[in-house]
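Here are my notes on the model, as numbered points. Have the structure open while you go through them.

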Amino acid sequence: MSSLRLHSIHKSFGDHEVLRGIDLELEDHEVVCLIGASGSGKSTLLRCVNLLEPLDSGRIFLGDEEITRRGVDVNAVRRRIGIVFQAYNLFPHMTVLRNVTLAPRNVLKLSRQEAESRALDLLARFGLESRRDEYPDRLSGGQQQRVAIVRALAMRPQLMLLDEVTSALDPELVAEVLEVIRELAAGGMTMLIATHEMSFARDIANRVCFLDDGRILEQGPPNEILQHPRQPRTRQFLERIIEAGRL
Amino acid sequence: MASEGDRRADPEVERRSRLLGGLRLEGEGARGVAIALLSTAVFIAVVIVAVTQSAGWPEVRRTFFDWHDISSSFPDIARAFVLNVKIFLVCEVFILILALIVAVVRSLPGPVFFPLRALATIYVDLARGVPTILVIALLGFGAPALQLTGVPRSRVFWAGVGLILVYGGYVAEVYRAGIDSVHPSQEAAARSLGLTRFQALRSVILPQAIRRVIPPLLNDFIGLQKDTALVGTLGVVEAFNQSQIDTNATFTYGSYLAAAFLFVALTIPLARFTDWLIARDRRKRQAAGGFA
């Protein structure tokens, strides 16, 4: 059964059309990586799926429910979709534990005990339990990003959106975050991932989509797209990535 | 020169100049302090000589600086000053609440809230545009004259309402600056977790916004403490009015000095507390390694 279905998504900012008709379908437990140059629309697409950006046209289905229909409860939809941002966006005035328990307590109405035990389980799973009482600015970038992932997971989402979650990290901190995502994939989490880490995409993705100028130009199994791209634009993009030493 | 560069890099000198709160001492260590003390002493001496040599000084000294006048008027003024403190404390609570509501309303996005936003904007413009003394006179004399049932007719009450309305406008702008200073990604993060707009505001935006504007908020408190003296223009006996009464009885102005002393005694601790908070905030940010 399909977990997420995007149908002809269009989105403009002013005169600039960022998304020019995106069609995409994710099966349950599928991991799809979006690759493409900066400005190709990857982040915008993820923000649209989480309803952080209103669409100009198109429809989005989560499971068999259309989440772009009129009068939909956006907060209820977002409960079911976790998103992690490039810049972590942890709440700086809250400890790690409160960052993670805020939404479960306020949105899911869990008791403090329930929310904390859920949070501590997740923090322990990702090696962060000793950081529970720290404020975000005392953590490394990698730790902050792992906390951000835990914060999203604490809502038990059926779909995770990851928006270039390693792009703001120092190179030596990238691995610990990718490890977390690998574990999520192994656990069967359905994920839509915008990334610049091609070798990671090759490892983890069931399918890679190349976005170019607001369209999915090419998609397929990672080996096919990354090693035998059919489109000249994809080839060009990958050559530049190889030059930069990222593949 | 090498020594110039060395001094700039010296963390101890940096720390000391920070402690002085921007009153940077040029020169180094003991020599710098000595120069500062000497120039201050010379400056004060010049001012004293200039004032005491002026033609009107003997008269000013008699009317303003008579110790007997100052000390004998002090108890009455101090008693009256209790009213200033009460007005200040009560008004402050309502100002903080009113201003927060206005600031939040002004920050509401979208066309639906346009009328509310416009109303809040008009209020802020009026509150900041009309002189405080006029607002107090209009409300203090006008509102009781309406003789509305169930509405207090006390002038102090209406003067307090006037202060709340005026300062509410200023403080609302301080809050709004704080709300605007919280990066939109914070709201996006909160909303992406399923929090409602109100929940995001309450748990994520406002706690950060208010923390950032505490120093300017305290600055407005200091202004309010002084402006409680305007209530005296309605004939209410508070510290300023009491000192005027004393002045009329003795034909000297020592009582004004007594009143001024009381106001300063109240505002200076708050001003130093504000400085301390700002310094602590800066230390925290530097400890975190950021300059945000």
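1. What percentage of the 247 residues of chain A count as buried? The figure is 43%, where buried takes 20 or more other C-beta atoms within 10 Å of the residue's own, exposed takes 12 or fewer, and partly exposed is in between, with C-beta atoms placed from the backbone.

2. Some housekeeping. This is a predicted model, so local features need pLDDT of at least 70 and side-chain atom pairs count only at pLDDT 80 or more, while totals for chains, interfaces and linings use all residues. Residues are numbered from 1 along each chain as its sequence is written, and chains are lettered from A and ligands numbered from 1 in the order in which they are written.

3. On overall build, chain A has 9 helices and 10 strands; these are DSSP runs numbered from the N terminus, helices being H or I with at least four residues and strands E with at least two. Its radius of gyration is 18 Å, which agrees with the value near 18 Å for a compact globule of 247 residues (taken over C-alpha atoms; the rule is 2.2 Å times the number of residues to the power 0.38). Along the principal axes, the C-alpha atoms fill a box of roughly 55 × 45 × 35 Å.

4. Now the sheet. It is open and mixed, with 6 strands of chain A in the order E6-E7-E8-E3-E9-E10; two strands pair if DSSP finds at least two bridges between them. E6 and E10 (215-220) of chain A are at the edges with a single partner strand each, so one side of each lacks a neighbour in the sheet. From one strand to the next the twist averages 20°, with axes fitted as lines to C-alpha atoms (for helices, over the stretch in contact) and angles from 0 to 180 degrees between N-to-C directions.

5. E7(A) runs parallel to E6(A) (residues 81-84), joined by 4 bridges, and A:Met160 is the bridge partner of A:Gly82.

6. On to E8(A) (residues 191-194), which runs parallel to E7(A) with 4 bridges between them. E7(A), helix H6 (residues 171-186) and E8(A) form a right-handed β-α-β unit: with the strands pointing away from the viewer, the path from the first strand over the helix to the second runs clockwise.

7. A:Arg156, in the loop between H5 and E7 of chain A, has a positive phi near 50° without being glycine, and is partly exposed, with 13 other C-beta atoms within 10 Å. A:Glu164 is in the loop between E7 and H6 of chain A; its phi is also positive, about 45°, but A:Glu164 is buried, with 20 other C-beta atoms within 10 Å.

8. Finally, the interface: chain A and chain B put 18 residues each into the contact. On the side of chain A, helices H2 (74-80) and H3 (96-106) are the elements giving two or more residues.

Technical notes: Contact = placed C-beta atoms within 7 Å.
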